[in-house]
Amino acid sequence: MSSAQVSIGPTLAARGDKADRRVKTAHLLTLSAIIQVALLIYAQHVDTHPERYGGLRYTDVDWRVVLDGTRLIFCSNEGEGNLPRGWSTSLLGFKIGDPYERSTFRYTPLLPLLVSPSLLHPLIGRLILVGTSLIIPALLLRLPVGIRPGFWTTHLIWTLNPFVLNINTRGSPESIICLLVILTLYNLRRGREVYAAIWLGISISWKIYPIIYVAAIWSHLSRKYGSFGRGVWKFGFATGLTLLVVNGLLWSIWGQPFLQHTFLYHLTRLDHRHNFSPYFYPIYLSLFPSGDSIPSIVPQAIEKILRHPLTSFLPQTSLVLLAGFALERKAGLEFTMFVQTSVFVIFNKVCTSQYFMWFLPLLPLVIPHLRLDRTKTAILIGAWVAGQAVWLSIGYRLEFMAQGVFLYLWMAGLALFGVSCWVLGEILDGFVLRRGVRRTK
């Protein structure tokens, strides 16, 4: 390694150790909480007076959907047909409503149940999201030595990251799934594998995407117990039982709409709304075709396969599984989970800013093992941020100025996709393998 090719990881870790003697995690968590409360107060002001801000609202539409779902559950109206359709509802006489009566409610009912104090005041529910996000850095910094990330690395990437603070205070519930994933990893590294399996089952029940970690965790446990050792079976049984109990109970209350909107919808989802994904524009064209008939050179059977909603999962699933089984043995569990999450987000057929939250809690665990010079690090970060800035500027023209820039927005999305793949490739190349040194080119 050349003298210019310094490690960004150990440098930050060393500084963090010194800073830890002066500044405590509790101090920074308190600061983060104060900032987020201030942002929530600001959000209330903006949302109350949107005309002063060009019609913009601070709070994300997702929060309004969750809040509507919460009201529907706890303020049921039998006269309007707002009743759950599960068998246990009529059997036990539950006096609750159906959140799926609200169109676009695609979450697990566990979410509105968690933020149900929002019915007293919406600010209380959003404070729950704030509290959830503050648990994550505390857990990361309690991981075993050798895995534990640097002090300032953790707090700069998560606790005080403006992006995280903004997404969190806008009412996006992504910090909850991030916490569930970190709880899974935390218990795995603490040797509490049954607890880790339970948290993994809960996380998959909350959002289906953490199922991607099964391959990496299986590879991790197989090195300890053998490919099909008792510990592997025990973990799988505990995860499966948790999934069955949690989702079986929810299905018994809310019936088929629960399965359809929480899980099945995301498998066949065709979202034509503009988002970072390179899939959005082809989906838009397929759902809103022009009157012109363009002959296709692709056979009809193949074209039908290409247009199928599940086809987009093939490259994504292949790469996620490949990383899980092949990368974990050489690079370790934390780095493999980070790569799997990044690949899943980059190749997903729907990708919004909130999804970038998913890999951020894992990034502090990766940085100490990266060997990237400062110039390359700055270029990678700058290119990724610039790619988003270009996309957002065009998205603003489409969303708020009603300009027909769909094609330009798609091109910006393709550029961001390429930049994201390049950044991830550089991270893979700069990672120090557990049993060796960095690869030479």
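These legends go with a set of close-up views of one predicted model.

The model is predicted, so local features need pLDDT of at least 70 and side-chain atom pairs count only at pLDDT 80 or more, while totals for chains, interfaces and linings use all residues. Residues are numbered from 1 along each chain as its sequence is written, and side-chain values use heavy atoms, with hydrogens and water left out.

View 1. Of the 441 residues, 48% are buried (under 20% relative accessible area, with exposed over 50% and partly exposed in between, using a 1.4 Å probe on protein chains only). Take the contacts between residues at least 6 apart in sequence: 73% of them join residues at least 24 apart (contact means heavy atoms within 4.5 Å).

**View 2. Helix H2 and its buried residues.** H2 runs over residues 25-48, and its end C-alpha atoms sit 35 Å apart, which agrees with the 34 Å that its 24 residues should span at 1.5 Å a residue (the expected span is 1.5 Å times one less than the number of residues). Its buried residues include Leu28, Leu29, Ser32, Gln36 and Leu40. They pack against H6, helix H7 (151-159) and helix H8 (162-169).

**View 3. Helix H3, capped by aspartate 60.** A side-chain oxygen of aspartate 60 lies 2.8 Å from the backbone nitrogen of aspartate 62, capping the N-terminal end of H3. Along the helix, Trp63, Val65, Val66, Leu67, Gly69, Thr70 and Ile73 are buried. Among the elements covering them are helix H5 (110-114), helix H6 (122-140) and helix H12 (230-268).

**View 4. Proline 173, in the loop between H8 and helix H9 (174-189).** Proline 173 is buried, with a relative accessible area of 6%. Leaving aside residues up to four places away in sequence, proline 173 touches Leu111 and Leu129.

**View 5. Helix H11 packed on helix H16.** H11 (residues 214-225) and H16 (residues 333-346) pack at an angle of about 165°, with axes 10 Å apart (axes are lines fitted to C-alpha atoms, for helices over the stretch in contact, and angles run from 0 to 180 degrees between N-to-C directions). That makes H11 roughly antiparallel to H16 (angles over 145 degrees). Ala215, Ala216, Ile217 and His220 in H11 meet Leu333, Thr336 and Gln340 in H16.

Definitions and conventions: Helices (H or I, at least four residues) and strands (E, at least two) are DSSP runs, numbered from the N terminus. A polar contact is a pair of N or O atoms within 3.5 Å; within protein, one must be able to donate a hydrogen and the other to accept it, and residues adjacent in sequence count only if both atoms are side-chain atoms. Angles under 35 degrees count as roughly parallel, over 145 as roughly antiparallel, 65 to 115 as roughly perpendicular and the rest as oblique.
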